[in-house]
Amino acid sequence: MSPNRQHSKTCPNCLVNYDSTCKFCPNCGQANKELRLNFKYFVSEFFKGMFNLDSKIFRTLKLLFLKPGKLTKEFIAGKRKLYIPPIRMYLIGSLIYFTISSFFNDPVTFSDEIKEDNDTTSNIITLNNLDTLQTIVPEIDSLKASGSGDSFLSKYIGNERLQKINTKEGRKQFRENIMQYIPIGMFIFVPLTALIFFLLFRRNTFYIEHLIFVIHLQTLFYLLFSFLNLLEVIINPGIMEGVTAFLFLLILVIWIKKYYLVKWIVACVKAFLFLMIYSIMYLFFFLIIAGISFLVL
């Protein structure tokens, strides 16, 4: 017998005793063979882990991208051992998306429009995050030009912050604060998004079902938009923005249709209602993120 195939009666992983003829431990599933820890072993294990089509990651991604809503149904039905847990998938997708965005397509970009009249400055902050575009125009100097505005801002915001936001370093710090808080804020925002679906499809359903649905859908968008952000390196960003918006709407309608088993017209109407409610909620969400980012300057 080859030294790499020496069978044991005790599992070295969990110390459970079993018959030496068993190929796998009946308790933990580890193979009943003693492998030499050589270079060939590490290379073999690396390629098995990375490119094994039967692994959890490939099995999960296959359903996520090719079978809209099925991964959620499998999880709710109790078939969870074969797939990566929803929260773990979300965190991986979020990490990939925001990491790529920070290098190739910053979710937050700044542009300063300097106006000579009355020495006023309009600092425009644009958020291009996931599926929506919000613009904030804090007319700080304009408010300071009026007596009441100056009094209000000085009292409740502070002269130090007002002066800092009007500097290049201050705006850079403001941007970094937003970048820091957005991933955390999006994670907190997911339950609110699930609440929208619960209100739209609340008949004979539980809230947790919609929450799992949203987590899987959000993960799909994170991974897909990460890839699209990379494509902006070689394709015109304007074209990619149109492609991104189209794919977002298309995927949203298809997932609603497939998961909730409704007609296409119903899926389109529900998607439209969802987007209206979501846009309003997201606007307040981003204002809160921007407000916190400004207060910690």
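I began with Leu261, which I list as exposed because its relative accessible area is 66%; on this scale buried means under 20% relative accessible area, exposed over 50%, and partly exposed in between, with a 1.4 Å probe and protein chains only. Leu261 sits in the loop that joins α10 and α11, where helices (H or I, at least four residues) and strands (E, at least two) are DSSP runs numbered from the N terminus. I also noted that Leu261 is not a glycine and yet has a positive phi of about 55°. Most residues other than glycine have a negative phi, and most peptide bonds are trans.

Before going on, I wrote down the ground rules: this is a predicted model, in which local features need pLDDT of at least 70, side-chain atom pairs count only at pLDDT 80 or more, and totals for chains, interfaces and linings use all residues. Residues are numbered from 1 along each chain as its sequence is written, and side-chain values use heavy atoms, with hydrogens and water left out.

For the overall fold I recorded eleven helices and three strands, which follow one another along the sequence as α-α-α-α-β-β-β-α-α-α-α-α-α-α. The protein has 297 residues, of which 37% count as buried.

The largest nonpolar core holds 54 residues, a nonpolar core being a set of buried Ala, Val, Leu, Ile, Met, Phe, Trp, Tyr and Cys residues joined through side-chain atoms within 4.5 Å. Two or more residues each come from α2 (56-66), α4 (86-104), α8 (168-200), α9 (207-231), α10 (237-260) and α11, and α9 contributes the most, with twelve. Phe213 and Ile256 are among the residues with the most contacts inside this core. Phe213 belongs to helix α9 and counts as buried because its relative accessible area is 0%; its C-alpha atom is separated by 9.6 Å from that of Ile256, 43 residues apart along the chain.

I then turned to the surface. Ile265, Val266, Val269, Phe272, Leu273, Met276 and Ile277 make up a nonpolar patch with about 590 Å² of accessible area together, the areas coming from the Shrake-Rupley method with a 1.4 Å probe and, for residues, only the protein chains shown counting as cover. Patch members have over 30% relative accessible area and no salt bridge, with like charges joined within 9 Å and nonpolar side chains (Val, Leu, Ile, Met, Phe, Trp, Tyr) within 5 Å. Phe272, in helix α11 (residues 264-295), is exposed at 51% relative accessibility. A positive patch consists of Lys62, Lys67, Lys70 and Lys258; Lys70 lies in helix α3 (residues 70-76) and is partly exposed at 38%.

Which side chains meet in a salt bridge? My search of the whole structure returned one such bridge, between Glu74 and Lys79, at 3.7 Å from N to O; the criterion is a side-chain nitrogen of Lys or Arg within 4 Å of a carboxyl oxygen of Asp or Glu. Glu74 is buried at 14% relative accessibility, whereas Lys79 is partly exposed at 47%.

Last, I checked Leu71 in helix α3, which is buried because its relative accessible area is 2%. From Leu71 to Pro86 I noted 15 residues in sequence and 9.3 Å in space, C-alpha to C-alpha.

Technical notes. Lys, Arg positive; Asp, Glu negative; His and termini not counted. Charge placed at Lys NZ, Arg CZ, Asp CG, Glu CD.
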